[in-house]
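Dear colleague,

I am passing on the structure we spoke about, and below it I have set out what was found. Please read the notes with the structure open beside them.

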Amino acid sequence: MTEPTLVPPIDPPPAPETSRPLHTLPAPFSLSSLEIITQGAEALVYKTTFLTPHTPVVVKYRPPKPYRHPTLDKRLTKQRLLAEARSLVKCKKEGVRVPGVLGVDAEEGWLVLEYVDGQTVRGVLDGWAHRVSEREKEADTRTEGQGNEGILDLMRRVGREVGKLHELGVCHGDLTTSNIMLRTPPPDSPPPFPTSNSISQSSSNSLKGDIYLIDFGLTTSSIQDEDKAVDLYVLERAFSATHPAAEPLFQEVLRAYGESGKGAKSVLKRLEGVRLRGRKRSMLG
Amino acid sequence: MASVQTFALPHYEEYPVHVALFKDVTNAAFLRSQLLASNPDFDYAFLDASMILTPNHLLTSTFLALHTFLTKRAKTRTPHSELVFRLSPNNNIGESYKKFGIGDATTAIIAVKLPITADATVDASITAETVSKHLGNVVQGTSVRIGEQGEGLGLWCDVDKVRKMYKLGGEGGNKGKKTGAANGDARVKKEGDEKKEMESVILGIIALKGS
């Protein structure tokens, strides 16, 4: 038996040429003044200052994707960036708490946003779930102890904020607990840059502060209940993925959401249907 | 000599922005005529101080003007005219001058000078002193000191006029029947908060303009 000849390994195609080295930002931004916060599939998020040396901001940069045709790439980047910026401005105008837009360059693919200082609801829930399990371990005398009202109130605030957003006909598109932030209330005399010390102090327990919705990268304008219900469904999944104890909390989110506007009730009805089949709509019929 | 405050915009530190504020100005018509005659000595952005809400309002438009000019996407011919144009929510240059530039009767004036030449290089001959000297000679009015954080720039603002300009609607920007409840909230809030919220929306509007 002769072994079939092995196919010679295929060389990966050479990296496409780009006008700039990857992961560097267009002028005027230089990496020396930027501090990376996170990276997603589409964008890099940095922290820097803008307008004055004491104003912290977030720069969201969508780098060109070298595997796409340059013309198409430019167009997609521009479209998505503008959709995000327009949604944010619209929300801000109508009083939904979102980071404000300070600067846009759709051609180059960057967006400057207000910096929201605080922690994600994801982080808050993790800390809360941790404390709950600790308490259960110690003694199961009062499992539903005090402190629950605080977290329930937080949930109601989340529900109302999402309700406000949907009432405007804006869908978030990626509503997870990581994309909802609890802004640390500014102290009476806010220091321009909080020291790391003060962050760790305030982040541990406080459930006070305003709810901010962040990351509108996948936002759509929609008046359909379906899209809104999917937003809620995604959020529900994010809750149940955090901790089993967090699931009942979501009911509180839905309750506050249901009271938020006239369209909310029918969205909740639609959510039942979405739960049965999942996020993706059936392509039959 | 006029009091001039110089701002360094992060990321564009090499172009320091010189800003001077005047009140009780009596020769606005003269300044305007020099602008219209495009006298090279009067290459400033002369703004109506009642249209500038906060320091950040001015600095954002300055940043955007610089940025579009340096990336060769400016819609107007000079960085100073671009600054006036960037402030405006619509795309008409003449309109922006009428609304944000000085009129013959303007008494509170903000003058902005960018040390930049027509071919986008830094003009080293322009410093805070030269600007101060020149403006002190030509503007007939009382110079007002601007703080390091831009304190003073929003003092002459006509908030209602600005709100109308950017079509911000009622307090808090709420429309329809919910306005009643929202207004109740807004009245409790301090005036500073209201300005802060307006500023945030306005910055978004001018950043998004034209795209």
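This is a predicted model: local features need pLDDT of at least 70, side-chain atom pairs count only at pLDDT 80 or more; totals for chains, interfaces and linings use all residues.

The crossing of H5(A) and H7(A) is right-handed. On the H5(A) side the contact is made by A:Asp225, A:Glu226, A:Lys228, A:Ala229, A:Val230, A:Leu232, A:Tyr233 and A:Glu236, while H7(A) brings A:Ser266, A:Val267, A:Leu268, A:Arg270, A:Leu271, A:Val274, A:Arg275 and A:Arg277. Sorted by class, the residues in this contact are 8 nonpolar, 1 polar and 7 charged.

Turning to chain B, helix H2 (residues 55-70) packs against helix H3 (residues 79-87) at an angle of about 125°, with the axes 8 Å apart, and therefore H2(B) is oblique to H3(B). This crossing, too, is right-handed. From H2(B), the residues B:His57, B:Leu58, B:Ser61, B:Thr62, B:Leu64, B:Ala65, B:Thr68 and B:Phe69 meet B:Pro79, B:Glu82, B:Leu83, B:Arg86 and B:Leu87 of H3(B), and the classes here are 7 nonpolar, 4 polar and 2 charged.

As for chain B as a whole, there are 8 helices and 5 strands, which follow the pattern β-β-α-β-α-α-α-β-α-β-α-α-α along the sequence. Of the 211 residues in chain B, 53% are buried, and the accessible surface of the chain comes to about 9600 Å², with 52% of that area belonging to carbon and sulfur atoms. Among contacts in chain B between residues at least 6 apart in sequence, 75% join residues at least 24 apart.

Note on methods:
Residues are numbered from 1 along each chain as its sequence is written. Chains are lettered from A and ligands numbered from 1 in the order in which they are written. Side-chain values use heavy atoms; hydrogens and water are left out. A crossing is left-handed if the near helix is turned anticlockwise from the far one by less than a right angle, and right-handed if clockwise. Helices (H or I, at least four residues) and strands (E, at least two) are DSSP runs, numbered from the N terminus. Contact means heavy atoms within 4.5 Å. Ala, Val, Leu, Ile, Met, Phe, Trp, Tyr, Cys and Pro count as nonpolar, Asp, Glu, Lys and Arg as charged, and the others, Gly among them, as polar. Axes are lines fitted to C-alpha atoms, for helices over the stretch in contact, and angles run from 0 to 180 degrees between N-to-C directions. Angles under 35 degrees count as roughly parallel, over 145 as roughly antiparallel, 65 to 115 as roughly perpendicular and the rest as oblique. Buried means under 20% relative accessible area, exposed over 50%, partly exposed in between (1.4 Å probe, protein chains only). Accessible areas come from the Shrake-Rupley method with a 1.4 Å probe; for residues, only the protein chains shown count as cover.
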